[in-house]
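Let's walk through this one together, a piece at a time. Keep the viewer open as you read.

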Amino acid sequence: MDDQLEKLKQQYKQIPIPDELDFIVNQALKKSYRRKMRSRWISAASAAVLLFLIGINVSTSVANAFSAIPGVGPLIKVLTIREYIVNDDSHNANIKVPGITNLKDKALELGLNEKYLEEAKALYDQFQEESSKAALGVDAGYTVMTDTDDIFAIARYVVETTGSSSENMKYDTIDKKNQILLTLPLLFKDDQYIEVISNNIKEQMKERVKADPDKTYWIENEEGDSSIEVFQSIRANQNFYINADNQLVISFDKYEVAPGYMGVQEFVIPAKVLSDILISHNYVN
Amino acid sequence: MRNIDEKSMVMQFISLNKDSIYRLAYSYVRNKDDALDVVQDAIYKAMKTKASLKDPSAVKSWFYRIVVHTSLDFLRKRKKVQPMEDEKLQTFMDGAEDVYSDIDIEKTLEELPEKYRSVIVLRFFEDLKIEEVADVLNENVNTIKTRLYQALHVLKGEMKDYISKEER
């Protein structure tokens, strides 16, 4: 018996180790580490950068698509103001930088646009640095999530592809009438919202898993096994936007609350859950 | 400071043991790409939740636990639902089905129900102590001992079967 086990063990030890393992492990370690650093990037943004400056993209289709919605609120336009493109055998980058125009509050407009440029530059720098070592793909761009009379919400996405891919989303939601950039704390009377929203999300996760057993979230399972860190709470400034139906949507990046195959996860928080703690019902109702 | 120590310790553990980590993942998901994905996911998970590592000396069982859970998530996703253990065991007892000329880990281990496979892999192939296995699988030590005994029994039945077939 021991011989047999020993034989099995030998075979187990001979499971071939693929060449990619090193790269994937290093990449995963590095990225996990960088995740924490992300907020500090901005200072490093001014390194010499090869720019593929397309200038203001006057592609009418893009401009029209985003500005065609008539309304009481001011017409906000989003244009692709820059594009970073790299294309060779093993490196691909396509980074589109959004630029917002027609905001009445020019300081807000400038602030946002500078932020978008810096994000893109930092991403491009990172790409340059890492692409010298390995094959890499980066695809970044933006989507207008909401454009109603009251609300304008824009999302920026970053998809990085190495062995597998990671996906990050960031959102800005603007109150068109008052020209304010909304934040999560700004919407609520006090920080109770963190708990209220988190609890609702946990319920929704359970429902989703029940409805579709293929789904997995990092929540406590039926056996009460919480040995792995489970989703406890949203962050005070968790990713969010307000959709066209005036609903609050909370978003999690890939890997944030679920295994990678689940991708980016969004949760619409029902207004009735929030009604007691909202400052005003103008945005969410 | 403790945080930084923990982080570098976890990172170091992962770097030094990546082959074992990969094999452990592979023993569950049984193909290269999925195993690599599991490794990657497990590292993200670990780096994000390293606060849950209460006892730094237990980094091995803590991280293996994450790998096992991540692998099981993958399998669940792949809908490779394991049949009920009783049925499965019954098939083993009857044992009259396929005959393999060689004791092949792919076959032998794959056909073991997951709870037995886990204890065999962790205890005998990864050389974890019984206590560590219990820790990884979140069971108590006695449960693991019983399971190990049963697993060996099943495996022995299997192997005898092969051997006697070969001898004929």
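Helices (H or I, at least four residues) and strands (E, at least two) are DSSP runs, numbered from the N terminus. With that in hand, find A:His281, in the segment after α7 (271-274) of chain A. The C-alpha atom of A:His281 lies 9.0 Å from that of A:Leu187, although 94 residues separate the two along the chain.

A word on what you are looking at: this is a predicted model, in which local features need pLDDT of at least 70 and side-chain atom pairs count only at pLDDT 80 or more, while totals for chains, interfaces and linings use all residues. Residues are numbered from 1 along each chain as its sequence is written, and chains are lettered from A and ligands numbered from 1 in the order in which they are written. The pLDDT, the predictor's confidence in each residue from 0 to 100, averages 76 in chain A, with 78% of the residues scoring at least 70. Over residues 35-73 of chain A, pLDDT stays under 50. Where pLDDT is low, the predicted coordinates should not be read in detail.

Now for the two chains together. Contact here means that the C-beta atoms of two residues, placed from the backbone, lie within 7 Å. By that rule, 30 residues of chain A touch 37 residues of chain B. On the chain A side, α1 (2-13) and α2 (20-37) are the elements that give two or more residues.

Moving into chain B, look at helix α2 (residues 18-29) and helix α3 (residues 32-48), which pack at about 125 degrees with their axes 8 Å apart. Axes are lines fitted to C-alpha atoms, for helices over the stretch in contact, and angles run from 0 to 180 degrees between N-to-C directions. α2(B) and α3(B) are therefore oblique to each other, as angles under 35 degrees count as roughly parallel, over 145 as roughly antiparallel, 65 to 115 as roughly perpendicular and the rest as oblique. Among the residues making this contact are B:Tyr22 of α2(B) and B:Val38 of α3(B).

Finally, which residues of α8(B) are buried? They are B:Glu132, B:Val133, B:Ala134, B:Asp135, B:Val136 and B:Leu137. With six of its eight residues buried, helix α8 (residues 130-137) of chain B is largely enclosed by the rest of the structure. Just after α8(B), B:Asn138 takes a positive phi of about 60 degrees.

Terms used:
A residue is buried if 20 or more other C-beta atoms lie within 10 Å of its own, exposed if 12 or fewer, and partly exposed in between; C-beta atoms are placed from the backbone.
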